[in-house]
Amino acid sequence: MRKLMYLFASMAIVAILATGCASADSESKSDSGSDTTEKTETTDTKKELLQTQMDFTADFSTYYAPISAYQAAAADEATTEAALNTAAESAKKAADEGAAKLADYKLESNLSDEQKETYTTSLDSLKSYFEEISKSIDASAAEPNFDAAQKHFDTFQSDLEGIYKEADLNVPDMAQALS
């Protein structure tokens, strides 16, 4: 199921990229030389931003998915205590590993320095999200409180919005992209 969702997300990104490139190509043919260079740079930025997102989500979806599954299990009243404890253990392990990986993560991308800085800064919020998830599970696996963690994830999401809006792209829902 997760592979199918990843395949679907990848196909959607490729479709968006292809649509953006096709419209940029048709517009650049009708414009003068300096406009063509500017549009090419814009198209290159869009491509690089989408590639960066795909690489990032591929790296971190393995940590986010168990947390999402645990949150769903905790919200479902039909979940048995044993199933909830198993999901909690998986989510805690994933949160700890995700935070550790983010501590040493180097964003490898050809984005502009400003965009890289913004993207890298947003990762601090995601690291805090993973740390808060771990703390919440430690406090109570049966009835976790993810409010603080969700605030960090919302900050991560809003930090990324500026990059996508500046590139004239739709802002992705990173929770869905990482699931």
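## Salt bridges within helices

Lys 127 and Glu 131 are 4 residues apart in helix α4, so about one helical turn separates them. In this predicted model, their side chains meet in a salt bridge, with 2.7 Å from N to O. Lys 127 is partly exposed at a relative accessible area of 25%, and Glu 131 is also partly exposed, at 31%.

Helix α4 also holds Lys 135 and Glu 132, which lie 3 residues apart, about one turn of the helix. These two residues form a salt bridge whose closest N and O atoms are 3.6 Å apart. Lys 135 is exposed, with a relative accessible area of 53%, whereas Glu 132 counts as buried at 18%.

## A salt-bridge network

In helix α3, Asp 96 and Lys 92 are 4 residues apart, about one turn of the helix. The salt bridge between Asp 96 and Lys 92 has its closest N and O atoms 3.1 Å apart. Asp 96 is partly exposed, with a relative accessible area of 36%, and Lys 92 counts as partly exposed at 21%.

A network of salt bridges links Lys 92, Asp 96 and Asp 138. The structure holds 4 salt bridges.

## The nonpolar core

The largest nonpolar core has 38 residues. Phe 56, Tyr 119, Tyr 129 and Phe 130 are the residues with the most contacts inside this core. At least two core residues come from each of α2 (33-75), α3, α4 (113-139), α5 and α6 (174-178). The largest share, 9 residues, is supplied by α2.

Leaving aside its neighbours within four places in sequence, Phe 56 is in contact with Tyr 105, Tyr 119, Leu 123, Leu 126, Phe 156, Met 174 and Leu 178.

## Aromatic rings

A search of the whole structure finds 12 aromatic pairs. Ring pairs join Phe 56, Phe 60, Tyr 63, Tyr 64, Tyr 105, Tyr 119, Tyr 129, Phe 130, Phe 153 and Phe 156 into a cluster. The ring of Phe 60 has the charged end of Lys 101 over it, 5.4 Å from the ring centre.

## A residue of helix α5

Gln 150 is located in helix α5 (residues 147-166). With a relative accessible area of 35%, Gln 150 is partly exposed. The C-alpha atoms of Gln 150 and Ile 133 are separated by 8.8 Å, and the two residues are 17 residues apart along the chain.

## Confidence

The chain has a mean pLDDT of 82, and 77% of its residues reach 70 or more. Among the elements of the chain, helix α3 (residues 81-103) has the highest mean pLDDT (94), and helix α1 (residues 2-30) has the lowest (52).

Notes
Residues numbered from 1 in each chain as written. Predicted model: local features only at pLDDT ≥ 70, side-chain atom pairs only at ≥ 80, totals over all residues. Heavy atoms only, no water. Phe/Tyr/Trp six-rings, centres within 6.5 Å; stacked < 30°, edge-to-face > 60°. Lys NZ or Arg CZ within 6 Å of the ring centre and 35° of its normal. pLDDT = per-residue confidence, 0-100. Buried < 20%, exposed > 50% of the residue type's maximum accessible area, 1.4 Å probe, protein only. Core = buried A, V, L, I, M, F, W, Y, C linked by side-chain atoms within 4.5 Å. Contact = heavy atoms within 4.5 Å.
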